[in-house]
Amino acid sequence: SSAGVIHYFSKGHESHDAYRVEHENSTKAEDKDGWKDDYSRTASALLALISCLGTTYIALRLRDVKRSPYLCGPRSRSMVTDFGVAAAVLIFSLIDQLGFPNVKTEMLKAPDWPSKVV
């Protein structure tokens, strides 16, 4: 299977296809390694791994807020718990896009809204 975060470290993973350079079409010396000059496969894979692990960690920590003495009452703690996964994804998406703008990462491919049912 080609799914999973560890596969981003593989040179042949499909997420790297858009950044490959054909050797015969390349004229620059730095393109001879097979990648466009502004793309780092290792940086992309590392950022994907850190985002995956960080999102999971934050989501699990926010889930534990329900049983903690933080915030003013059970209703607010329940609200944090309910939206913990969405908040974790949003936090690490912002870190990815704003903190590392030069690192190319694969985005979620979602259908256009609203999608037409055929």
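The model is predicted, so local features need pLDDT of at least 70 and side-chain atom pairs count only at pLDDT 80 or more, whereas totals for chains, interfaces and linings use all residues. Residues are numbered from 1 along each chain as its sequence is written, and side-chain values use heavy atoms, with hydrogens and water left out.

**Exercise 1.** Determine how the axes of helix 1 and helix 3 are arranged.

Solution. Helices here are DSSP runs (H or I, at least four residues), numbered from the N terminus. The axes, lines fitted to C-alpha atoms over the stretch in contact, with angles from 0 to 180 degrees between N-to-C directions, come within 8 Å and cross at roughly 150° for helix 1 (residues 41-63) and helix 3 (residues 84-99). Helix 1 is therefore roughly antiparallel to helix 3, a term used for angles over 145 degrees.

**Exercise 2.** Is L60 buried, partly exposed or exposed?

Solution. L60 lies in helix 1. Its relative accessible area is 35%, so L60 is partly exposed, given that buried means under 20%, exposed over 50% and partly exposed in between (1.4 Å probe, protein chains only). The C-alpha atoms of L60 and G84 are separated by 8.0 Å, although these residues are 24 residues apart along the chain.

Terms used
Helices (H or I, at least four residues) and strands (E, at least two) are DSSP runs, numbered from the N terminus. Angles under 35 degrees count as roughly parallel, over 145 as roughly antiparallel, 65 to 115 as roughly perpendicular and the rest as oblique.
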